[in-house]
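Please open the model in your viewer and keep the selection tool at hand.

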Amino acid sequence: MSERTSYAAQPGLQSDCGNCFGLCCVALPFSRSSDFPVDKSAGTPCGSLQEDFRCGIHRRLRDQGYNGCTVFDCFGAGQKVSQVTFKGVSWREEPDSARAMYEVFPVVRQLHELLKYVAQALDLPAAGPVHGELRRAYERLDALTRDTAEVLLAVDVDALRGEVNPLLLRASELARAAVPGRKKNHRGAHLMGSRLRGAKLRGASLRGALLIAADLSGSDLRDADLIGADMRDTNLCGADLRGALFLTQPQLNAARGDARTKVPQSLQRPPHWAD
Ligand code: SF4
């Protein structure tokens, strides 16, 4: 891959529902709650899943109470499991493989999430000193996602995460060291419902912070590390998230924002954010 190519933006790390057997709509369970209007067990197809594996209510998901679907992202795991692990043969065509497919999908989804983080670190020029190690970790993880269902079901994802996390942390430190000024450390902080309107958090560490329903409207979150931060219902109206590290689409989708919110170039403004 050339120096100018974004690792994180490569198609293999974006969901491609047209090449997937609707795996998130079948393999995953959901419970009646503010995110879903009904209960569904793992392995049962959602009632709105069509014969062609498309969602029949895709444009009306929020209107019909399926908010949980609109914050989900498989990071490209769906098409990988459908087309690579199970070689394009669906659970409808081969019911005997359905159970393994449903079990492999969450494993590959976690591996793809890790791949996405490593890819984001590889896109940070300031993290150059660890790019060699990151590239090796990326190649190893990518090769693993292409292995057989049996191998994937035996993967210890937590152990892999433990190996990769120090590299991501080092990349974050290098990138944030290049940001001017004193950087705040809110790593793992419990900030649920906190009033942080207009907070100056440029280059801060918010790794794993609980930001549920926190008011971060108008805040400066440029270059802040948001890996694993719980951003459900976080108010990001008017906030500046350009250059935020390890921010993912599901985090953004779960938060609230508006037309003034500045999002990183690699992510999309959620369509349900108010204009
Ligand atoms: S698993 Fe991913 S690719 Fe498949 S339908 Fe769901 S979001 Fe789309």
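Here is the tour, one selection at a time.

**Before you click.** This is a predicted model, in which local features need pLDDT of at least 70 and side-chain atom pairs count only at pLDDT 80 or more, while totals for chains, interfaces and linings use all residues. Residues are numbered from 1 along each chain as its sequence is written.

**Select the whole protein.** Colour by secondary structure and you will find eight helices and zero strands; helices (H or I, at least four residues) and strands (E, at least two) are DSSP runs, numbered from the N terminus. From the N terminus on, the order reads α-α-α-α-α-α-α-α. The protein is as compact as a globular protein of its length, because its radius of gyration is 19 Å, close to the 19 Å that the globule rule gives for 275 residues. That radius is taken over C-alpha atoms, and the rule is 2.2 Å times the number of residues to the power 0.38. Along the principal axes, the C-alpha atoms fill a box of roughly 60 × 45 × 30 Å.

**Select the ligand.** Which residues surround the ligand? Show Ser15, Asp16, Cys17, Cys20, Gly22, Leu23, Cys24, Cys74, Gly78 and Gln79; here a residue counts as near if its C-beta atom, placed from the backbone, lies within 6 Å. The elements giving two or more residues to this shell are α1 (23–26) and α3 (77–85). By class, the shell has five nonpolar, four polar and one charged residues. Ala, Val, Leu, Ile, Met, Phe, Trp, Tyr, Cys and Pro count as nonpolar, Asp, Glu, Lys and Arg as charged, and the others, Gly among them, as polar.

**Select Leu28.** Leu28 sits in the loop between α1 and α2 (67–70). Is Leu28 buried or exposed? Leu28 is buried, because 21 other C-beta atoms lie within 10 Å (buried means 20 or more, exposed 12 or fewer, partly exposed in between, with C-beta atoms placed from the backbone).

**Select α5 and α7.** Helix α5 (residues 131–145) and helix α7 (residues 157–177) pack at about 140°, with axes 10 Å apart. Axes are lines fitted to C-alpha atoms over the stretch in contact, and angles run from 0 to 180 degrees between N-to-C directions. Show Glu133, Leu134 and Ala137 of α5 with Val164, Leu167 and Ala171 of α7 to see the contact; contact means C-beta atoms, placed from the backbone, within 7 Å. Five of these residues are nonpolar, none polar and one charged.

Technical notes
Two residues are in contact if their C-beta atoms, placed from the backbone, lie within 7 Å.
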